[in-house]
Amino acid sequence: MDKKPVIQKSDAEWAKELDPLQHHVLRQHGTERPGSSPLNYEKRTGIFSCAGCGEPLFDSKTKYESGSGWPSFWAPLSDAVATTTDVSHGMTRTEVTCAKCGGHLGHVFPDGPQPTGDRYCMNGAALKFEEKK
Ligand code: FE
C-alpha cells in the first residue's frame, strides 16, 4: 500500500524539529546502529509512536525479542504504517513508513512469529514510547 502522507513538511522544517539521528532515520532512510536504541530493552505496557509526528504505530503487546538489535514487532496498529518496495543496497526489501508523515521507520520481513509471521524491524530512533498502565 503506497499512500501519500498526510503531513508534508520541508526538509529544513524536519531538520529543525528532529535530533540528528531521528532526522537521518526518518527523513533520509537511515539506519541506527544495531543494539543502540534503549527501546530494544523497553518491556513496559504502552504505545510506540512516530518520533516525527506522534502518530501511534505499535502496541507493546506485539513487541518481541527478535535478536536483531532493533525493536521488533509482529504487527503495526491498523492503518498506522505504509509499505513500499525498497531495492537499495542490492536487496529487495519492504520499507515501512509512517502513514501520517511518511517518515522511514524500518523494514518488514516474513520471518516473524505467529500470529502474523511478520517481523517489523524498526529503528528505535524513529519511535517514542509512552507507557500506558
Ligand atoms: Fe509519523
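## Basis

The model is predicted: local features need pLDDT of at least 70, side-chain atom pairs count only at pLDDT 80 or more, and totals for chains, interfaces and linings use all residues. Residues are numbered from 1 along each chain as its sequence is written, and side-chain values use heavy atoms, with hydrogens and water left out.

## Overall fold

The chain has two helices and nine strands (DSSP runs numbered from the N terminus; helices are H or I of at least four residues, strands E of at least two). From the N terminus, the order is α-α-β-β-β-β-β-β-β-β-β.

Of the 133 residues, 45% count as buried (under 20% relative accessible area, with exposed over 50% and partly exposed in between; 1.4 Å probe, protein chains only).

## Iron site

Four protein donors hold positions 2.3 to 2.4 Å from the iron ion: Cys50 (SG), Cys53 (SG), Cys98 (SG) and Cys101 (SG). Donors are N, O and S atoms within 2.8 Å of the metal (3.2 Å for Na, K and Ca); water is not among the atoms, so sites may look incomplete. Along the chain, their spacing is C-x2-C-x44-C-x2-C.

Cysteine 50 is buried, at 2% relative accessibility. Cysteine 53 is partly exposed, at 22%.

## Helix H2

Helix H2 spans residues 20-28, and its buried residues are Gln22, His23, Val25 and Leu26. These pack against helix H1 (11-17) and strands S1 (46-50), S7 (104-109) and S9 (127-131) (contact means heavy atoms within 4.5 Å).

Just after H2, histidine 29 takes a positive phi of about 55°.
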